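Please look through the sequence and the 3D structure below before reading the notes that follow.

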Amino acid sequence: MLTVLTVDEAQNRVLSSMGGKTVGAEEIDIFAALGRVLAGDIFSPGHIPPFPRATMDGFAVSSSDTFGATEDIPALLMLKGEILMGLPPPGGLAMGEAMSISTGGMLPSGSDSVVMVEHCDILGDQLAVYRPVAPLENMILAGDDFQKNEIVLRKGHLLRSQDIGLLAALGLLQVKVYKRPRVIIISTGDELVTPDKNPGPGQIRDINGYALYAQVLENGAEPHYLGLFPDRKDALLEVLQDSLHQADAILISGGTSVGRRDVTVRVLDGLPGEGVHFHGVSMKPGKPVIYATSNGMPIFGLSGNPVSAMFSFLLFVRPLLRSLQGLSPFLPHQPGVEALLDTNFSSPSGREDYVRVVLSRAKDGTYGEKPRATPVFGVSSLLQTMIKGDGYFVVPRDIEGLVEGSPVHVILF
Ligand code: AMP
Ligand code: MG
C-alpha cells in the first residue's frame, strides 16, 4: 500500500526521525579539509595581521608631516633607512622622518600612514612628498582582518579554499570536522548484471550502484557499494542485517513498487525497530520511495529506475547526509538561473513535477535577455533526460501547468 506524502512532509519525516543526530568528529590535516564541515567554532588565537602593515610600496611617515604638501611645495622629510620584509623596522620614527617600506612591511612606531612611492622623490638623504596622506592611509592595523579571540568560523561551516587559507594564517594545521557519514549502497533486481558483463536478453547493467555512489561522494559522504542482490527477501534481509551496524545510512535501489517481486518494503518492515515511515511521495519522477529506520539507522528504498533514484536522492537522501555532517539540511538557496519556458507544459495537479530542461540563449527578442528553457521531451524515466538536460525546474503540486513564456527557476545539475 502506498501512503503517498508530499515532498515537504516526506522530507520532514526523514529529518525528524533523526532528531538532528550527527556523526562523530575527527581531527584532520587542513590539506585534507576542503569540503568538510567544522565540528566546533574556530577562534583566532591572535591578531591578524599581527602587526601594522603597509598596503602600498612607499614610505612610512607621520601623516601630520605631510599636511599641505603640493607638487610646488613638497614636504621635506629625513630618510631614516629601510624597513626589510620579515624584519621589524630598524627603529622608531621621529617627527619629520620617513622610512622606505614595501607592501606588507611592518610600520615603525611613530608612523601612522604610508605615502606611495609614486608621490615622492628621493633627494640625497631627504624625501620630497608631493601629496598629503591621511592618518591610516595605505596601511592596516594589527587585528584589522581578525581580532584576537574573535570567532572566525562557526561550527557547521562547510570549509572552502579561502577558509583553509585562514586556518593556515591562524597557525591551525589540524582542524576538528565531522566524520564522513558511511553510506552502504545495495542494488537489487534479478535482471541486473555488473557493468563489465554483456547483458543477456532481458538483462541490464547496474546503473544505480554507480550513480548513487557518485551522488554520495558529491555530498561529502563515504560510499560503500556492496554489489547486486536478487529480488529475494532472504537475500535482502541477510545483507541488511550485516549492514545495520556498519553504516550511518543504507541505500537500496530496486523493488520499491507494489509488484509481487517488490520485496523491499516487506523486508524493511520486518527489521527490528521503527520500520517503514513512508512509502510513496507525490512527485514525478521518484514516486515509489521508501524510508525506514531500524533502531535509528536510516534506510532508503529508492526506485530502481535510475532517474527516479537520482531525484529521490536529491530530495531525501541529500538533506539527511547534510544533517548527519552537521550542515543545515537544505541550502539557503538552490543555485540556478532564471529562464523562460519556451512551450506550454501541463502537469497533473496533486504532485510535484521535476522537469528536465535544456537552456539556450534567446534567438530573437521574444524572450528578452533571459535564457530559454526547453523541456527534454520523451519518457520522463529515460536516462537521457538527465544527460541532455542542463537542470530542472519544479512544477508545484497545486499548479496544473505553465504557459509558454512563464518564468522558471532552473536548478542546474
Ligand atoms: P524496480 O524499482 O525494481 O521496479 O525497477 C524499476 C526499473 O528500474 C526497472 O526497469 C528495472 O529494471 C530498473 N532498474 C532496477 N535497478 C536498476 C539498476 N540498479 N540500474 C539500472 N536500472 C535498474
Ligand atoms: Mg525490480
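This is a predicted model: local features need pLDDT of at least 70, side-chain atom pairs count only at pLDDT 80 or more; totals for chains, interfaces and linings use all residues.

Residues are numbered from 1 along each chain as its sequence is written, chains are lettered from A and ligands numbered from 1 in the order in which they are written, and side-chain values use heavy atoms, with hydrogens and water left out.

**Around ligand 1**

- Among the 18 residues around ligand 1 (a heavy atom within 4 Å of it), those that come nearest are Glu191, Asp206, Ile207, Gly255 and Gly304.
- An oxygen atom of ligand 1 lies 2.5 Å from a side-chain N or O atom of glutamate 191, and an oxygen atom of ligand 1 lies 2.7 Å from a backbone N or O atom of glycine 304.

**Salt bridges**

- The whole structure holds eight salt bridges (a side-chain nitrogen of Lys or Arg within 4 Å of a carboxyl oxygen of Asp or Glu).
- One of them joins lysine 80 and glutamate 97, at 3.7 Å from N to O.
- Lysine 80 is partly exposed at 42% relative accessibility, whereas glutamate 97 is buried at 13%, where buried means under 20% relative accessible area, exposed over 50% and partly exposed in between (1.4 Å probe, protein chains only).
- Aspartate 163 and arginine 160 also meet in a salt bridge, at 3.0 Å from N to O; aspartate 163 is buried at 4% relative accessibility, while arginine 160 is partly exposed at 40%.

Key
A polar contact is a pair of N or O atoms within 3.5 Å; within protein, one must be able to donate a hydrogen and the other to accept it, and residues adjacent in sequence count only if both atoms are side-chain atoms.
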